[in-house]
Amino acid sequence: MPDTVLRLVDVSKEYDSEGERPFLALDRVSLEITKGELISVIGPSGSGKSTMLHMLGCLDKPTGGEIYLDGKAISKMTHDQLADARRDNIGFVFQAFSLASTLNVFENVELPLLIREVPEEERKRIVLRNLEAVGLLDKVRSMPSQLSGGEKQRVAIARALANNPKILLADEPTGNLDSKSSADIIAHIIGLGKSIGITVILVTHDPRVAERTNRIVRIMDGKIIEDTGMKHKRRGAK
Ligand SMILES: Nc1ncnc2c1ncn2[C@@H]1O[C@H](COP(=O)(O)OP(=O)(O)O)[C@@H](O)[C@H]1O
Ligand SMILES: [Mg+2]
């Protein structure tokens with residue numbers, strides 16, 4: 001399956017809880033994600049959505065099972081190899097905007113490129129292209145404190161895309177926004193999948209948002225209880 005970008009095989013995640021039995025937040029989850037898919041992950045608070053997204057983003061190693069990023073088992077990678085693979089493949093947008101408050105909009109999006117030592121002219125081109133894609137070219141010199149919540153989240157999206165990742169992971173990116181800004185952010189994220197063919201995995205608790213994606217993975221008590229994408233596979237659609 002050459003188009004598989006991420007694969008979880010029986011992935012479990014236990015968290016240590018002081019003195020007590022470890023807490024099983026993810027229980028033998030298997031999932032295969034294909035290039036260009038637009039997926040939502042839905043489930044009640046505490047069901048393990050963020051834990052699963054952290055696993056998919058290779059931010060944390062599982063306590064059981066294996067994660068394959070671009071066909072490579074992450075348990076076999078060193079810390080540095082994993083950091084490189086993550087940087088080259090994955091962009092994140094979190095619920096809290098997590099922008100650097102002392103950097104302006106341009107500089108926030110530029111940051112991941114500076115870390116990669118991309119030359120200045122190219123950095124400028126990439127930053128402006130990504131800010132244009134989220135409709136913020138008129139705010140390049142603004143500070144985060146001068147932006148609305150929706151605008152901050154658009155900057156976070158532009159920054160997540162600066163490294164040209166194959167996969168964009170978003171963890172309840174509209175959780176802190178009013179409904180109009182939420183709709184705007186979701187439209188941007190869904191549009192990205194269509195315009196640049198990036199794989200998008202979107203955690204949400206809003207069923208109306210989930211309905212706009214092509215595949216819904218429903219999670220409960222650390223287990224996948226429904227995966228609409230699997231039906232397509234069994235029917236042989238792809
Ligand atoms: N670092 C941690 N240490 C201990 N328990 C955790 C940790 N992170 C999450 N949990 C627990 O794991 C469960 C799943 O959490 P999470 O993945 O954040 O759920 P969701 O994103 O669906 O709300 C919750 O019961 C949470 O309290
Ligand atoms: Mg969460």
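How are H3 and H4 oriented to each other? Hi everyone, let's start there. This is a predicted model, by the way.

Helix H3 covers residues 105-115 and helix H4 covers residues 120-133. Their axes lie 9 Å apart, at an angle of about 120°. Angles of 65 to 115 degrees count as roughly perpendicular and those over 145 as roughly antiparallel, so H3 and H4 are oblique to each other. The crossing of H3 past H4 is right-handed. On the H3 side, the contact uses Val105, Phe106, Val109, Glu110 and Leu113, and these meet Arg123, Ile126, Val127, Asn130 and Leu131 of H4. By class, that contact has seven nonpolar residues, one polar and two charged.

Now for the other partner. H3 also packs with helix H5, residues 149-161, with 7 Å between the axes and an angle of about 30°. H3 and H5 are therefore roughly parallel to each other. Here too, H3 makes a right-handed crossing, this time past H5. From H3 we have Val105, Asn108, Val109, Leu111 and Pro112, meeting Val155, Ala158 and Arg159 in H5. Six of the contact residues are nonpolar, one is polar and one is charged.

Last stop, the ligand. What surrounds ligand 1? The shell includes Tyr15, Ser17, Phe23 and Ala25, then Gly43, and the run Ser45, Gly46, Ser47, Gly48, Lys49, Ser50 and Thr51. Sorted by class, the shell holds three nonpolar, eight polar and one charged.

Conventions: Residues are numbered from 1 along each chain as its sequence is written. Chains are lettered from A and ligands numbered from 1 in the order in which they are written. This is a predicted model: local features need pLDDT of at least 70, side-chain atom pairs count only at pLDDT 80 or more; totals for chains, interfaces and linings use all residues. A residue is near a molecule or strand if its C-beta atom, placed from the backbone, lies within 6 Å of it. Ala, Val, Leu, Ile, Met, Phe, Trp, Tyr, Cys and Pro count as nonpolar, Asp, Glu, Lys and Arg as charged, and the others, Gly among them, as polar. Axes are lines fitted to C-alpha atoms, for helices over the stretch in contact, and angles run from 0 to 180 degrees between N-to-C directions. Helices (H or I, at least four residues) and strands (E, at least two) are DSSP runs, numbered from the N terminus. Angles under 35 degrees count as roughly parallel, over 145 as roughly antiparallel, 65 to 115 as roughly perpendicular and the rest as oblique. A crossing is left-handed if the near helix is turned anticlockwise from the far one by less than a right angle, and right-handed if clockwise. Two residues are in contact if their C-beta atoms, placed from the backbone, lie within 7 Å.
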